[in-house]
Amino acid sequence: PRMPSLSRHTSNTYQLDKDKMAAAKVFNKLSEAVTFLSDALKQKKFSSVTQATKAKEVDDFYLEQLAEYDLEALYAGRTFPAEGTEFKLGGHDKELGHLHIDFVRQDAGWVIDNIWMCR
């Protein structure tokens, strides 16, 4: 598994990153992740989305933009890959424009690594 990055030179930051990594919501099916995101975004529960990711922060602007998409319709029938440790929805002017939803595989399943925009 990827270790959280050490930002700056403080052990407190590392502890926060480790705590955040442990708190990330685990998904075994892509449909579970998409339903979770869709429901939370529709209800404007942006803090729930941020808390479910490994990222320390996710910009509300990105989540507001993501809420405009029908994620369940876009990703109906899609699954996490059987192989590999990283997976991405959207990005680089694809179905979500420049918004990215990055997942990483951990022992228990897939977690949302980050939600971000490349432009």
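The model is predicted.

Seven aromatic pairs were identified in a search of the whole structure. In one of them, Phe 27 and Phe 36, the ring centres are 5.8 Å apart and the planes meet at 45 degrees, so the pair is classed as tilted. Phe 27 is buried, with a relative accessibility of 2%. Phe 36, at a relative accessible area of 19%, is also assigned as buried, because the limit for this class is under 20%.

A tilted arrangement is likewise found for Phe 87 and Phe 103, with 6.1 Å from centre to centre and 40 degrees between the planes. This pair links distant parts of the chain, since Phe 87 belongs to strand E2 (residues 86-90) and Phe 103 to strand E3 (residues 99-106), 16 residues apart. Phe 87 counts as buried at 14% relative accessibility, and Phe 103 counts as buried at 1%. Together with Phe 80 and Trp 110, these two residues form one aromatic cluster.

The side chains of Lys 88 and Asp 102 meet with an N to O distance of 2.5 Å. Lys 88 lies in strand E2 and Asp 102 in strand E3, so the contact ties together parts that are 14 residues apart in sequence. Asp 102 is buried, with a relative accessible area of 14%, whereas Lys 88 is partly exposed at 33%.

The structure holds three salt bridges. Another of these is formed by Lys 54 and Asp 113, whose closest N and O atoms are 3.7 Å apart. Lys 54 is located in the loop between helix H3 (46-52) and H4, and Asp 113 in strand E4 (residues 109-117), so parts 59 residues apart in sequence are tied together. Both Lys 54 and Asp 113 are buried.

A further salt bridge connects Lys 42 with Glu 72, with 3.7 Å between the closest N and O atoms. Lys 42 is in helix H2 (residues 30-42) and Glu 72 in helix H5 (residues 71-74), and the pair links distant parts of the chain, 30 residues apart. Lys 42 is exposed, with a relative accessible area of 59%, and Glu 72 counts as partly exposed at 30%.

On the surface, a patch of negative charge is made up of Glu 57, Asp 59, Asp 60, Glu 64 and Glu 68. Of these residues, Glu 64 lies in helix H4 (residues 60-66) and is partly exposed, with a relative accessible area of 38%.

Definitions and conventions. Residues are numbered from 1 along each chain as its sequence is written. This is a predicted model: local features need pLDDT of at least 70, side-chain atom pairs count only at pLDDT 80 or more; totals for chains, interfaces and linings use all residues. Side-chain values use heavy atoms; hydrogens and water are left out. Patches are made of residues with over 30% relative accessible area and no salt bridge: like charges are joined within 9 Å, nonpolar side chains (Val, Leu, Ile, Met, Phe, Trp, Tyr) within 5 Å. Accessible areas come from the Shrake-Rupley method with a 1.4 Å probe; for residues, only the protein chains shown count as cover. A salt bridge is a side-chain nitrogen of Lys or Arg within 4 Å of a carboxyl oxygen of Asp or Glu. Lys and Arg count as positive and Asp and Glu as negative; His and the chain ends are not counted. The place of a charge is taken as NZ of Lys, CZ of Arg, CG of Asp or CD of Glu. Helices (H or I, at least four residues) and strands (E, at least two) are DSSP runs, numbered from the N terminus. Buried means under 20% relative accessible area, exposed over 50%, partly exposed in between (1.4 Å probe, protein chains only). Rings of Phe, Tyr and Trp (its six-membered ring) pair if their centres lie within 6.5 Å; planes under 30 degrees apart count as stacked, over 60 as edge-to-face and the rest as tilted.
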